[in-house]
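Subject: Structure for your review

Dear colleague,

Please find below the structure that I am handing over to you.

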Amino acid sequence: MDTFCSVIKFENLQELKRLCHWGPIIALGVIAICSTMAMIDSVLWYWPLHTTGGSVNFIMLINWTVMILYNYFNAMFIGPGFVPLGWKPENSQDSMYLQYCKVCQAYKAPRSHHCRKCNRCVMKMDHHCPWINNCCGYQNHASFTLFLLLAPLGCIHAAFIFVMTMYTQLYNRLSFGWNTVKIDMSAARRDPLPIIPFGLAAFAATLFALGLALGTTIAVGMLFFIQMKIILRNKTSIESWIEEKAKDRIQYYQLDEVFVFPYDMGSRWKNFKQVFTWSGVPEGDGLAWPVREDCHQYSLTIEQLKQKADKRIRSVRYRVIEDYSGACCPLNKGIKTFFTSPCTEEPRIRLQKGEFILATRGLRYWLYGDKILDDASVEVVLI
């Protein structure tokens, strides 16, 4: 009930602005098209409501739509949970293990990271998702994952309706010649005739909705399996990357140490319960976390500090030789640079000839790193 009330009040009506973004517009558009066309096809041409099966099928379609939208809006409006502004650990000595965020004027709690899009430090940040125009993190990880599960299931049901509608409506209209197949798009030869004939426009709309449903099933289904893989290990996408960098750091310096991820409870079921609960409220407060016996609360943050220092050592300093406007896909830098632009919403920083950057990693045509201003680096830059 508390979750439902938070959705109704939105806590802050400014959250409604999240809908005014290409991600939610496309996502809600796909949901609306697939749901509407599935209901229309089912009632008018495939499985009428006056039959028991048709009624059950229609209720299931409505049920899919409601559950998908409920979890989608939960993930969007409840949000991931943010580290309180000005937060610091209860024990002042623990601050030596934490990074300080100048934007939030607070220490970054364990498992939290600063999101440039949200402009806040996010508790247990997994990633910033453009489809919900919000971060996926501590409070909304379960709702987001349920949305990734329900959307493909609903689309599979809708795709079945689309295929069966086209099959039943076109079955008696196919005329096979020696070299061609002709389709008669007149009214169906069945009794009783449908109220609205299944014409060319209906066929085109159904085929388009089928394409959306299949594409969504594949794309969102893959995201669901990726999320479940890291949830069962009690990780986030960012923490998986940190673990990879930890192993790379140990191998690079040939150190006699083994990195142990501190939040893996040793059981998939225990890891699963860290995100999914019967009450819908995740365990803990988002600031402190249970850890393995051989680790402590700041094991991961200490590793992040080591990687930050290592990043400075292994970075390469470059001097800018051409002006760059900061465009997402620059047309004046060559066709290959244009088409290999990274698929990320991270801002591209405007550069001028003679400035310096500190590159931490790079692709063939793009570099990732820090822009240096007066011996101080600011923001991640893509050039």
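Which residues have the most contacts inside the largest nonpolar core? In this predicted model, they are Tyr72, Ile132, Phe144, Phe147, Leu148 and Phe276, in a core of 23 residues. At least two residues of this core come from each of H2, helix H3 (52–78), helix H4 (141–170) and helix H5 (200–231). There is also a second, separate core, with 20 residues, among them Ala246, Phe259, Tyr263 and Leu300. To return to the largest core, Phe144 is one of its residues with the most contacts. Beyond its neighbours within four places in sequence, Phe144 touches Ala75, His127, Cys129, Ile132, Cys136 and Gln227.

Helix H3

Buried residues of H3 include Gly54, Asn57, Trp64, Thr65, Asn71, Tyr72 and Phe77. After H3 comes Gly79, which has a positive phi, near 80°.

The axes of H3 and H4 are 9 Å apart, and the two helices pack at an angle of about 155°. Because angles over 145 degrees count as roughly antiparallel, H3 is described as roughly antiparallel to H4. The crossing of H3 past H4 is left-handed. On the H3 side, the residues that meet H4 include Asn57, Leu61, Trp64, Ile68, Tyr72 and Ala75. Their counterparts in H4 include Phe144, Phe147, Leu150, Gly154, His157 and Ile161.

H2 and H3 have axes that come within 10 Å and cross at roughly 170°. These two helices are therefore roughly antiparallel to each other as well. From H2, the contact involves residues including Gly23, Pro24, Leu28, Ile31, Ala38 and Val43. From H3, it involves Asn57, Leu61, Thr65, Ile68, Tyr72 and Met76, among others.

Pro24 is found in helix H2. With a relative accessible area of 0%, Pro24 is buried. Setting aside neighbours within four places in sequence, the contacts of Pro24 include Trp131 together with Pro130, Ile132 and Asn133. Tyr72 and Met76 are also among its contacts, and both belong to the H3 side of the contact with H2.

Asp41 also lies in H2 (residues 22–46). Asp41 counts as buried because its relative accessibility is 0%, the limit for burial being under 20%. Not counting residues up to four places away in sequence, Asp41 touches Tyr46, Ile161, Phe162, Thr165 and Thr206. Of these, Ile161 is also one of the H4 residues that meet H3.

Ala202 of helix H5 is a further buried residue, with a relative accessible area of 14%. Ala202 and Asp41 are 161 residues apart in sequence, and their C-alpha atoms are 8.6 Å apart in space.

With kind regards

Note on methods: Residues are numbered from 1 along each chain as its sequence is written. This is a predicted model: local features need pLDDT of at least 70, side-chain atom pairs count only at pLDDT 80 or more; totals for chains, interfaces and linings use all residues. Side-chain values use heavy atoms; hydrogens and water are left out. Helices (H or I, at least four residues) and strands (E, at least two) are DSSP runs, numbered from the N terminus. Buried means under 20% relative accessible area, exposed over 50%, partly exposed in between (1.4 Å probe, protein chains only). Contact means heavy atoms within 4.5 Å. A nonpolar core is a set of buried Ala, Val, Leu, Ile, Met, Phe, Trp, Tyr and Cys residues joined through side-chain atoms within 4.5 Å. Axes are lines fitted to C-alpha atoms, for helices over the stretch in contact, and angles run from 0 to 180 degrees between N-to-C directions. Angles under 35 degrees count as roughly parallel, over 145 as roughly antiparallel, 65 to 115 as roughly perpendicular and the rest as oblique. A crossing is left-handed if the near helix is turned anticlockwise from the far one by less than a right angle, and right-handed if clockwise.
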